[in-house]
Amino acid sequence: MNWTEMFFQSWSGIARTIIVGTLAYLFLVVSLRVSGKRTLAKLNAFDLVITVAFGSTLASILLGEDVALTEGMTALVLLIALQYAVTALSVRSKGFARAVRSEPTLLLRDGEPLPEAMRKARVTRAELETVVRTEGQRGTKEIAAVILESDGSFSVIRATEGERRAQGEPAGPTEPATPLDG
């Protein structure tokens, strides 16, 4: 093992990383601006894969001396074109959209967990309760719905006062009336 090459190989390698890295980065920024906001939206698992692929491709361009800048730029354009094609097809075809992205899953309705949906989504009761607490709620009874979104995040919809009263729960904390200074 050559210990000196582990820490420093050559000035040309450093110069290549600076020049190619700067150009690849600028190209990626311009390409993403041209392709629109949807390219990096975090709406589903496919979008996450594309985002990771962008990072991996940029790293390969930066550090892989066997990857020329034009090859890396071509790879980035290909990823953007594929992302555009998949999203365009998803808008035009419901069947294709279902094939490439998952639908949101209702995990809790009117304060009651939905065990079958939770099992299919592989979400435990403890995880569901953690999501509810993260939203500043004491328990699931205060929640109208918890939805596992297509991107893996959770949406928590709080019950309104009317919904809580209909379920037989107090409407919320009441404050004593204070006299008005006159």
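Helix 3 (residues 45–63) and helix 4 (residues 69–92) pack against each other at an angle of about 175°, and their axes lie 9 Å apart. Two packed helices are described by the angle between their axes and the distance between the axes. Axes are lines fitted to C-alpha atoms, for helices over the stretch in contact, and angles run from 0 to 180 degrees between N-to-C directions. Helix 3 and helix 4 are therefore roughly antiparallel to each other, a term for angles over 145 degrees, whereas angles under 35 count as roughly parallel, 65 to 115 as roughly perpendicular and the rest as oblique. Helices (H or I, at least four residues) and strands (E, at least two) are DSSP runs, numbered from the N terminus.

The model is predicted: local features need pLDDT of at least 70, side-chain atom pairs count only at pLDDT 80 or more, and totals for chains, interfaces and linings use all residues. Residues are numbered from 1 along each chain as its sequence is written, and side-chain values use heavy atoms, with hydrogens and water left out.

On the side of helix 3, the contact is made by F46, D47, I50, A53, F54, T57 and I61. Helix 4 contributes L69, G72, M73, A75, L76, L79, I80, Q83 and V86. Contact here means heavy atoms within 4.5 Å. The residues of this contact divide into twelve nonpolar, three polar and one charged. In this division, Ala, Val, Leu, Ile, Met, Phe, Trp, Tyr, Cys and Pro count as nonpolar, Asp, Glu, Lys and Arg as charged, and the others, Gly among them, as polar.

Buried means under 20% relative accessible area, exposed over 50%, and partly exposed in between (1.4 Å probe, protein chains only). Leaving out residues up to four places away in sequence, Q83 touches R38, T39, F46, D47 and I50. One of these, T39, is placed in the loop between helix 2 (11–35) and helix 3. T39 also counts as buried, at 5% relative accessibility. Apart from neighbours within four places in sequence, T39 is in contact with L32, I50, F54, I80 and Q83. T39 and L79 are 40 residues apart along the chain, and their C-alpha atoms are separated by 9.5 Å.

An open sheet of four strands has the order 2-1-3-4, with antiparallel pairing. Its edge strands are strand 2 (112–113) and strand 4 (154–158), each of which pairs on one side only. Two strands pair if DSSP finds at least two bridges between them. Strand 1 (residues 105–109) is joined to strand 2 by two bridges, and the two run antiparallel. L108 has P113 of strand 2 as its bridge partner. Helix 7 (residues 125–134) packs on the sheet and touches strand 1, strand 2, strand 3 (143–148) and strand 4, its direction making about 115° with that of strand 3. Strand 1 and strand 3 pair in the antiparallel sense over four bridges, and R109 stands opposite A145 in strand 3.

Most residues other than glycine have a negative phi, and most peptide bonds are trans.

D110 belongs to the hairpin of strand 1 and strand 2, which has two residues between the strands.

The chain as a whole contains eight helices and four strands. Read along the sequence, these follow the pattern α-α-α-α-α-β-β-α-α-β-β-α. Of the 182 residues, 29% count as buried. Among contacts between residues at least 6 apart in sequence, 49% join residues at least 24 apart. The chain exposes about 12,700 Å², of which carbon and sulfur atoms supply 62%. Accessible areas come from the Shrake-Rupley method with a 1.4 Å probe; for residues, only the protein chains shown count as cover.
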